[in-house]
Amino acid sequence: RKYALEEVDNLSDSAFQTMFRLSRKGFDALFNKVEPFLNDTDEAMAIRSSQSPISKRTKLHVTLRWLAGGSYLDLCFAWGISKAAFYSTDPRFGVVWPTIIAIDKVLHIGIPYDNMEKLEAMATGFDKYTKCDNGEMFGCVTAIDGWVCATRKPTRKEVTDIVSYRNRHDCWGLVVLAGCDADLRYTMFSVKNSGSTNDMMAWELSENYQLLMVSKQLPARFYFIGDEAFVCTEQFLVPYSGRGLPTSQDAFNYNLSAMRQCIERSFAALTQRWGILWRYLRIQFSRWPLLLTTLAKLHNFCIDYNEAHPSEMPRAYVDCAQDEASHIFEPYLGDDDCAVAEDTLTKRNTRRRKAMTDRLEASGIRRPS
């Protein structure tokens, strides 16, 4: 174990970042946050099993490498850890799960509903993606979409309706309903729906639906955006449906799509960075939400600390081709999403969406040819 720590110290900066998905500076910053919530391994027990206790720093190294795609067999061998200790949730001698719980505790995801300054900054970020020079569509603070995380088939002991976890991408999975800002930072990450759940239902079951649509926590100046799977409201805008749209409506759809691509890119960045998502999740069913939420929080942490995007890492150290994961982060659409949306949208053209469309027309803004 001491030898493994020495070898980590001898890694080049680029190799360290590729192995743990964080620079040394980022690793130290994360360690300082989680260290108070980690326990040193029971010394007497550790000495009996491997002649030395497992340090808090070792726990974070091993956990990040596992999340980055490392095999538990290789990690146990390299760091002198038993399989029982590797997967144990007991904070006295467990490695991976006590560390994941600590990360989940110290990192946060949320929308600053009551902070006008932060909301203005978020809206400014999205506005830069549009072709609007005079703020014709200003106000977007979160782009929302659904994503299926591929998993193993759940068992009858874990769920009552196994078939509900099968989705149209021909794999078992869990639907994640997520939202992000213009910098791809997650502002919401709801992990509570089976793989066959459509996006609109997942949205209605999320906490942010209650905050936005029921209790009206978001100031009227701002709004969310999504695709045709959602229902258009005053504070949740979606594209116009159909083909052969008038020029102004087509321009609205183009600019909305330019902002909405942020959430698609966030899913790609999340799955490219964390190699545990390159294959089906095979961990205990009850831990799926905790694992995915922690990965989303680490994704935000990497953005906050300007950690390199996986595509920017030195190619010599890239340990999985991008296309190996491409099927995992393909955006999710339930079989009936579009049908639900089209039926509703033809009856509901909100005042905000119409006003924006009128402003685009008055400004002569069109979809680029």
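Is Cys232 buried or exposed? Cys232 is buried, at 0% relative accessibility; buried means under 20% relative accessible area, exposed over 50%, and partly exposed in between (1.4 Å probe, protein chains only). The model is predicted, so local features need pLDDT of at least 70 and side-chain atom pairs count only at pLDDT 80 or more, while totals for chains, interfaces and linings use all residues. Residues are numbered from 1 along each chain as its sequence is written, and side-chain values use heavy atoms, with hydrogens and water left out.

**Cysteines**
- The structure holds zero disulfides, a disulfide being a pair of cysteine sulfur atoms within 2.5 Å.
- Cys132 is buried as well, with a relative accessible area of 5%.

**Helix H15**
- Helices (H or I, at least four residues) and strands (E, at least two) are DSSP runs, numbered from the N terminus.
- Helix H15 spans residues 351-362 and reaches 16 Å from its first C-alpha to its last, close to the 16 Å expected at 1.5 Å a residue; the expected span is 1.5 Å times one less than the number of residues.
- Its buried residues are Arg352, Arg353, Met356, Thr357 and Leu360.
- These residues cover an arc of only 135° around the axis, which puts them on the same side of H15; the arc is that of the directions from the helix axis to the C-beta atoms.
- Arg351, Glu361 and Ala362 are exposed on the other side of H15.
- Gly364, which follows H15, has a positive phi, near 70°.

**Salt bridges**
- The count comes to 13 salt bridges, where a salt bridge is a side-chain nitrogen of Lys or Arg within 4 Å of a carboxyl oxygen of Asp or Glu.
- One of them joins the side chains of Asp104 and Lys297 (2.8 Å, N to O).
- Asp104 lies in helix H8 (residues 96-106) and Lys297 in helix H13 (residues 288-304), so this pair ties together parts that are 193 residues apart in sequence.
- Lys297 is buried, with a relative accessible area of 11%, whereas Asp104 is partly exposed, at 24%.
- Arg185 and Asp304 also meet through their side chains (2.8 Å, N to O).
- Arg185 lies in the loop between strand S3 (171-180) and strand S4 (186-194) and Asp304 in helix H13, so the pair ties together parts 119 residues apart in sequence.
- Asp181, Asp183, Arg185 and Asp304 are linked in a network of salt bridges.
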